[in-house]
Structure formats: structure tokens, C-alpha cells
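Here's a quick briefing to read with the structure open beside you. Grab a viewer and follow along topic by topic.

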Amino acid sequence: LKFSRTSDTILTDTVVENSPAAGILFYGSTNPSVTNATVLNSLADGLNFSNCQDARVTHLLTYNTGDDGLAFVNYDDSPNLVGGVAEDIVINNSKARGIAIAGQSNVTVNGFHIQNTSSSGLLVAKDTANHSRIPSRVLIANGDIFNAGTLEPLVGNQYGIEFNSQ
């Protein structure tokens, strides 16, 4: 599912399985909201908010994603839309990070469980390879991470939580 440059989009009670790309992707959107979503076996991110203003996700479960389970990204060649909230997030078997905040600012992640990743469990960073901005004002609270960086094939860093260039 891709939503590009939408406003006040609400997605509820959704299951996406076997996506050949991201399971759910919002790009350049304002106030997108995702509640009670499940993404299984995607070849890319489970849920990705790219250059979105005040994105919100509550009750997300991802399993076996080809990239990050949940990503908040802010690319420097796109509009600088910021803000995000993630609550009650469960990520299992991510072939990259469980949760990635790459370039996005004003993000709160509260209540998460991440298990089995190929890279860091949770990342907050400027992604120089993908030209993201420098994130700021990111709050991470009330979560646990198990077996970060142990899912084969290993990629990137294998930290539980990684803060880099932010």
C-alpha cells in the first residue's frame, strides 16, 4: 500500500502479506495515521513514513521484513516534514533494523518489542548513504530488544540501540 502526498489519511485494521516492496509506505504526507496493522513477509520495510508531517502508528506488528520493520525517514532532497509517534510496536525477524529513525526529527517511540534483526535493533541516525537529514528531538521509551544483529545474513552494525550523527 502506498500513499503519496496525502492529508489526514487513516488506515485501520490492515493486514499486508507477501508485499514485493514495503508493506505500507507513506511519502510526503501530512497527519497519516495507522492503527492495528500487521505486515508479514514484505521484501522491504514493514511500515515506512518518508518525509511525513506528524505521522502516527499505534499497534503495529511486523514479521519477516526484508528491510526495517518500522522506519521514519527524512530525505534531504524532499520537503522537510517532521514529527511522528509510534506506540505499541512489535517487530520480529527484520532483515535490517527493527525501528529506524533516519533523518526524521520530533519522533516519539513509546512501547516496543523488537526481536531478531540483521542489523541494530533500533537506529537513530543521519543516513549519509541515502542522504537523510540529521535527526533531533527523538524520544525512545518503554521497550525491549532481543537478539539484535543475530538474524542471518548480518548487515550493518549489530547494536541493540544505535545513535549516530544526530
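Phenylalanine 49 is buried, at a relative accessible area of 0%. Keep in mind that this is a predicted model.

- Like phenylalanine 49, phenylalanine 72 is buried.
- How many aromatic pairs does the count come to? The tally is three aromatic pairs.
- Another stacked pair is phenylalanine 26 with phenylalanine 49, at 5.6 Å centre to centre and 25° between the planes.
- Here phenylalanine 26 sits in strand 3 (residues 24-27) and phenylalanine 49 in strand 5 (residues 47-50), so the pair ties together parts that are 23 residues apart in sequence.
- Phenylalanine 26 counts as buried because its relative accessibility is 0%.
- Step back and you get a cluster: ring pairs link Phe3, Phe26, Phe49 and Phe72.

**The nonpolar core**

- In soluble globular proteins, nonpolar side chains tend to end up buried together.
- The largest nonpolar core here has 27 residues, and the members touching the most others are Leu47, Phe49, Val57, Leu70, Ile89 and Ile99.
- Strand 10 supplies the largest share of this core, with four residues.
- Take isoleucine 89: setting aside residues up to four places away in sequence, isoleucine 89 touches Val57, Leu60, Leu70, Ile99, Gly111, Phe112 and His113.

- Six strands make up an open sheet in the order 2-4-6-8-10-12, and the pairing is parallel.
- Which strands stand at the edges? They are strand 2 (10-17) and strand 12 (138-146); each has a single partner strand, so one side of each is left without a neighbour in the sheet.
- From one strand to the next, the twist averages 5°.
- Strand 2 and strand 4 (residues 33-40) run parallel and are joined by seven bridges.
- Looking across to strand 4, threonine 12 has threonine 35 opposite.

**Salt bridges**

- Side chains of opposite charge can pair when their charged atoms come close.
- The count for this model is two salt bridges.
- One of them joins arginine 56 and glutamate 87, whose closest N and O atoms are 3.3 Å apart.
- Arginine 56 is in strand 6 (residues 55-65) and glutamate 87 in strand 8 (residues 84-94), so the pair ties together parts that are 31 residues apart in sequence.
- Buried or partly exposed? Arginine 56 counts as partly exposed because its relative accessibility is 35%, and glutamate 87 counts as partly exposed at 28%.
- Arginine 97 and aspartate 68 also meet in a salt bridge, at 2.7 Å from N to O.
- That pair links distant parts of the chain, 29 residues apart: arginine 97 is in the loop between strand 8 and strand 9 (99-102), and aspartate 68 is in the loop between strand 6 and strand 7 (70-73).
- Why does aspartate 68 count as buried? Its relative accessibility is 4%, and the cut-off for buried is under 20%.

**Around serine 94**

- Serine 94 is part of strand 8.
- Serine 94 is buried, with 0% relative accessible area.

- Most residues other than glycine have a negative phi, and most peptide bonds are trans.
- Asparagine 116 isn't a glycine, yet its phi is positive, near 70°; asparagine 116 is in strand 10 (residues 107-117).
- Aspartate 8 isn't a glycine either, and has a positive phi of about 55°.
- You'll find aspartate 8 in the loop between strand 1 (2-4) and strand 2.
- Where's the cis peptide bond? It runs from glutamate 152 to proline 153, with omega near -5°.
- Proline 153 lies in the loop between strand 12 and strand 13 (161-164).

Notes:
Residues numbered from 1 in each chain as written. Predicted model: local features only at pLDDT ≥ 70, side-chain atom pairs only at ≥ 80, totals over all residues. Heavy atoms only, no water. Salt bridge = Lys/Arg side-chain N within 4 Å of Asp/Glu carboxyl O. Helix = DSSP H or I, 4+ residues; strand = E, 2+ residues; numbered from the N terminus. Buried < 20%, exposed > 50% of the residue type's maximum accessible area, 1.4 Å probe, protein only. Pairing = 2+ DSSP bridges. Axes fitted to C-alpha atoms, helices over the stretch in contact; angles between N-to-C directions. Core = buried A, V, L, I, M, F, W, Y, C linked by side-chain atoms within 4.5 Å. Contact = heavy atoms within 4.5 Å. Phe/Tyr/Trp six-rings, centres within 6.5 Å; stacked < 30°, edge-to-face > 60°.
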